[in-house]
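Take a moment to look over the model before reading on. The paragraphs below start inside one chain and then move to the contact between chains.

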There are 2 protein chains.
Amino acid sequence: MKAVIGIDLGGTNVRVAKVTQDGKILQEVKSPSYALEGPDKVCANIIAQLHKIEGVKDCLGIGIGVPGPVDTIRNVMKMSTNIPGMTDYPLGDKISAEFGIPVYLDNDANVAGLAEALLGAGKGLPVVFYITHSTGIGGALIVNGKVVSGRNGYAGEIGNIIVTRDGEKINHLNIGAVENRASGIALVKSAQKHLDPSIDSAYGLFQKAQAGDPVANSIVDTMAYDFAAMCSAIGHVCDPYAFVIGGGVSQSHDLYFDKIKAYYNQLVHVGMRDVPFLLAQLDEPGILGAAMLPVSHAH
Amino acid sequence: MKAVIGIDLGGTNVRVAKVTQDGKILQEVKSPSYALEGPDKVCANIIAQLHKIEGVKDCLGIGIGVPGPVDTIRNVMKMSTNIPGMTDYPLGDKISAEFGIPVYLDNDANVAGLAEALLGAGKGLPVVFYITHSTGIGGALIVNGKVVSGRNGYAGEIGNIIVTRDGEKINHLNIGAVENRASGIALVKSAQKHLDPSIDSAYGLFQKAQAGDPVANSIVDTMAYDFAAMCSAIGHVCDPYAFVIGGGVSQSHDLYFDKIKAYYNQLVHVGMRDVPFLLAQLDEPGILGAAMLPVSHAH
């Protein structure tokens, strides 16, 4: 079975790996991404890194996880803030022309979700909804082993789901958007305001909650309700076989997943209860998921 | 190309048709469904109707649209209120054993959505979200020509999506569920309360709105906002290439689709704006969609 190439392209670094179709990394190289030197430089550098990998031309294909929404039909980024000039840039076509194998792009959350659906906590499930619960809140819908990217590449941009009409417009997201209420940053802000101005991480808040602080517990509880309300909307759209949750905040899963489950069960039809909420399993979902893009397109 | 069989099974009648894969009805029979005489009778009657159709054994397969959620892995209904005893009944297996071709079940909203995605307004689009805007609000997610039914058969049960935390618990749906605010029944109730107790249809309300009645217009506007809020949640999950809207209320589409579009554009990321909201096209989505189930499973 042919190997695949996964590329994790960020604003700072780019990592390139040759991976087996069942997710073993065979060879890996890393370099700066040169994001501020323009897309031609970024592309030329990726090609140079790929030439360090053995047997790229014999691989099934190349997948690239990029930091922003992707038009998967035209195979280009639709919006690129961390890599200026990459919007509409034919990165996939240029790399494909160099190595003669197919190249697929998708955004980093979709790619991480694909990794968890094919190799991680959601392995073997027909419909997986992956959620990254981190500084922000993002996600990915994976159906039958393929990412659903959508018309504009925004499928899974669940941080903008409205969970309440209360509140003010505070950024580009909707009033009452779940990301402004339940993300890592939102937790820290709430903890600083209501509990202790020196708290600088969601982990710090969870520690206080675990120690029995009632205010900390109330903040965690409110977050869990908002998060569950978001999951309820997702569930009524696609009724996943499992929610798989990764990202920094999810490291404290033992302190809040049960609350999410309980609220979710209150906010869905009786027949939808008890869907599993699973912790993401993979250490390297970015690069493994990118490598799974050609696999998912092959069947 | 082989023909297919579509069966539209309701609580009152069952219709059976032989259909070409591009949606032409070749032969059709209809009978009572005998829902109250038990599932064996319902099943035996369907088999008797199928024997009236020419060449069933030479068809690609049989699809059955049923009134309730379906476990598409086990191919049985998960809950059946209109046809008592049909929960977990092996309807598909029995019919398949009789004719020697595959039989697929799915619920009626999913089947109608599949018809619109393969033959109707969403033809050729990779991700279609179908919404039935009728007495209630239901829907279906179709990805790459296949219905996403989900773990419990509840994918597309969007009437239960929460669009506001305000309100009271009035039925089995969530507080603030969109179906209790924007469905045909909700429109009639609101019109009776705020406008005229004699209004008995959404159409009657739309007529008053079109005539310039400010209260009627306000009710329509509120409905459009709630409907758009639901679509915003759907859009952030799956970013469809189009929303296709059918059902009785949608007959007045020229009086409210533009409002929905305008509110939707306010409630999604800038890059997601201007997704088409299309009127459903098919006269017979139930039977055509059932017939498309074997087609969608064949590739």
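Chain A is divided into domain 1 (4-113 + 284-298) and domain 2 (123-279). These bounds come from an automatic or database domain assignment. This is a predicted model: local features need pLDDT of at least 70, side-chain atom pairs count only at pLDDT 80 or more, and totals for chains, interfaces and linings use all residues. Residues are numbered from 1 along each chain as its sequence is written, chains are lettered from A and ligands numbered from 1 in the order in which they are written, and side-chain values use heavy atoms, with hydrogens and water left out.

Start with the two domains of chain A. Their C-alpha centres lie 28 Å apart. Contact here means heavy atoms within 4.5 Å. By that rule, 13 residues of domain 1 of chain A touch 14 residues of domain 2 of chain A. The two domains bury about 1100 Å² between them, and 49% of that is on carbon and sulfur atoms. Buried area is the accessible area (1.4 Å probe) that two parts lose on being put together, summed over both. In domain 1 of chain A, Asn110(A), Gly113(A) and Ser296(A) lose the most area to domain 2, together 40% of what that side buries.

What links the domains? Two residue pairs are in polar contact between domain 1 and domain 2 of chain A, both at pLDDT 80 or more. A polar contact is a pair of N or O atoms within 3.5 Å; within protein, one must be able to donate a hydrogen and the other to accept it, and residues adjacent in sequence count only if both atoms are side-chain atoms. The elements that give two or more residues to the domain 1 side are β7 (103-107), α3 (108-118) and α9 (285-298) of chain A. Helices (H or I, at least four residues) and strands (E, at least two) are DSSP runs, numbered from the N terminus. α3(A) gives the most to this side, with four residues.

Now turn to the second chain. The contact takes 51 residues from chain A and 50 residues from chain B. The area buried between them is about 3700 Å², of which carbon and sulfur atoms give 56%. In chain A, Arg151(A), Arg165(A) and Val237(A) lose the most area to chain B, together 21% of what that side buries.

The rule finds two salt bridges between chain A and chain B. A salt bridge is a side-chain nitrogen of Lys or Arg within 4 Å of a carboxyl oxygen of Asp or Glu. Asp226(A) forms a salt bridge with Arg165(B), with the closest N and O atoms 2.4 Å apart. There are also 23 residue pairs in polar contact across the interface of chain A and chain B. On the chain A side, β8 (127-133), β9 (137-143), β10 (146-148) and α7 (214-238) each give two or more residues. The largest share, nine residues, comes from α7(A).

How are the copies arranged? A rotation of 180° with 0.0 Å of shift along its axis superposes chain A on chain B (RMSD 0.0 Å). That is the relation of a two-fold axis. The superposition is by least squares on the C-alpha atoms of residues with pLDDT of at least 70 in both copies. Of the interface residues of chain A, 98% are also interface residues in chain B, so the copies meet through the same surface.

Over all chains, the count comes to 22 salt bridges. One of them pairs Arg74(A) with Asp88(A), the closest N and O atoms being 3.1 Å apart.
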